[in-house]
Amino acid sequence: MCEQGIASGTGNAFQVDGLQNEINKLKQHLVLVEKKLAQKDEELQNYLYTVSHELKTPIVAMKGFTSLLLQFHSDAFNDEATTYMDRINHNLHEMERLITDLLEYSKIQIVHENFEAASMHAIIETAIGELRYQISESAATISLDNELPVVRCQANHLVHVFKNLIGNSIKYSRNGIKPEIKIGYNGDEIFHKFYVKDNGVGISAIQRKNLFKLFIRLGNKKGVSGSGLGLAIVKRIIEAHGGEIWAQSQKNKGSIFFFTLPKHHGKMQHGHAKT
């Protein structure tokens, strides 16, 4: 019996050692895969930056020439020619915006060593301040939860996140209805969870599937243009901070965008309503 017990114990030890070796091999393989993915991602970002930068120069030149033509030779144009020049200018402007957004996307670098404790209330107030013209023009009302946390992050990137989400709530408001935007917070022991809620045109279930993909424009409101990169940039920032982002929405019933950030315990900051 004793010999059998020893043999059994030795066999189990060998099994454990074997499993541990396999786990170690898998960990090493995972490190290599992550390294390769990081390299490929860096290559892609460098490529996007180079292409975007190279495209921007001729577009700026074309805009300059069309402006000169309209400024100094408009007498030579009939109404039809002037209309065509205006369309050229409009499309050049759209291309320039697309390239600017591509450059922004390519330059997103989240360095965790650079994270600092930042007041989420101050971050949101900065985003609201940068949108003051749009808020005034649309007569939008924006309210904040009374308590917002201090988070460890790169604050300038989170300003961009809130600026995009709030800006979209204004841009995609329903005709004849003033935008009402609520920025809220709750969290658990692991994650902070924020949300931006509006009373806008909403997003259909089919559209939500492609919401955060590159170059996807929803087209759920006439007269609204964009590069289709805004939410892709937001998603990249949130995921680089270790969080997730998703949306709930119904057509003509508004939208709620949620995102999470890893939680670092800190004191709460008191906020206030903003109109």
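**Helices, their packing and selected residues in the predicted model**

Helix H2, which covers residues 79-106, has 28 residues that at 1.5 Å a residue should span 40 Å, and the separation of 41 Å between its end C-alpha atoms agrees with this expectation. The structure described here is a predicted model, and the values that follow are computed from it. At the start of H2, the backbone nitrogen of Glu 80 has a side-chain oxygen of Asn 78 within 3.2 Å. The buried residues of this helix are Met 85, Asn 89, Leu 92, Glu 94, Glu 96, Ile 99, Leu 102, Leu 103, Tyr 105 and Ser 106.

In the protein chain as a whole, there are seven helices and eight strands. Of the 275 residues in the chain, 36% are buried. Among the contacts with a separation of 6 or more, 73% are accounted for by residues 24 or more positions apart.

Because 12 of its 17 residues are buried, H5 is largely enclosed by the rest of the structure. The buried set consists of His 157, Leu 158, Val 159, Val 161, Phe 162, Asn 164, Leu 165, Ile 166, Gly 167, Asn 168, Ser 169 and Ile 170.

Two packed helices are described by the angle between their axes and by the distance between those axes. For H5 (residues 155-171) and H7 (residues 230-240), the axes come within 10 Å and cross at roughly 145°, and the crossing is left-handed. On the H5 side, the contact is made by His 157, Leu 158, His 160, Val 161, Asn 164, Leu 165 and Asn 168, while H7 contributes Gly 230, Leu 231, Ile 233, Val 234, Ile 237 and Ile 238. Classified by residue type, this contact between H5 and H7 contains eight nonpolar and five polar residues, with no charged residues.

Two further residues of H5 may be considered individually. Ala 155 lies in this helix and is partly exposed, its relative accessible area being 29%. When residues up to four places away in sequence are not counted, Ala 155 touches Ala 118 and Ile 123. The C-alpha atom of Ala 155 is also separated by 8.6 Å from that of Ala 117, although the two residues are 38 residues apart along the chain. Ser 169, also placed in H5, has a relative accessible area of 4% and is therefore buried. The side chain of Ser 169 makes a polar contact, at 2.9 Å, with the side chain of Asp 198. Apart from residues up to four places away in sequence, Ser 169 touches Pro 179, Ile 181, Val 196 and Asp 198.

Helix H4, formed by residues 132-138, contains Glu 137, which is exposed, with a relative accessible area of 58%. The C-alpha atoms of Glu 137 and Ile 170 are 9.7 Å apart in space, whereas the two residues are 33 residues apart in sequence; Ile 170 is one of the buried residues of H5. In the loop between H4 and strand S2 (141-144) is found Ala 139, whose phi is near 55°, a positive value in a residue other than glycine. Ala 139 is partly exposed, with a relative accessible area of 33%.

A positive phi in a residue other than glycine is also found at Asn 252, where the angle is near 65°. Asn 252 belongs to the loop between strand S6 (245-249) and strand S7 (255-262), and with a relative accessible area of 47% this residue is partly exposed. Ser 249, in contrast, is placed in strand S6 and counts as buried, at 11% relative accessibility. Between the side chains of Ser 249 and Ser 255 there is a polar contact of 2.8 Å. Not counting residues up to four places away in sequence, Ser 249 touches Gly 202, Ile 203, Arg 208, Gly 254 and Ser 255.

Notes: Residues are numbered from 1 along each chain as its sequence is written. This is a predicted model: local features need pLDDT of at least 70, side-chain atom pairs count only at pLDDT 80 or more; totals for chains, interfaces and linings use all residues. Side-chain values use heavy atoms; hydrogens and water are left out. Axes are lines fitted to C-alpha atoms, for helices over the stretch in contact, and angles run from 0 to 180 degrees between N-to-C directions. Helices (H or I, at least four residues) and strands (E, at least two) are DSSP runs, numbered from the N terminus. A crossing is left-handed if the near helix is turned anticlockwise from the far one by less than a right angle, and right-handed if clockwise. Contact means heavy atoms within 4.5 Å. Ala, Val, Leu, Ile, Met, Phe, Trp, Tyr, Cys and Pro count as nonpolar, Asp, Glu, Lys and Arg as charged, and the others, Gly among them, as polar. The expected span of a helix is 1.5 Å times one less than its number of residues. Buried means under 20% relative accessible area, exposed over 50%, partly exposed in between (1.4 Å probe, protein chains only). A polar contact is a pair of N or O atoms within 3.5 Å; within protein, one must be able to donate a hydrogen and the other to accept it, and residues adjacent in sequence count only if both atoms are side-chain atoms.
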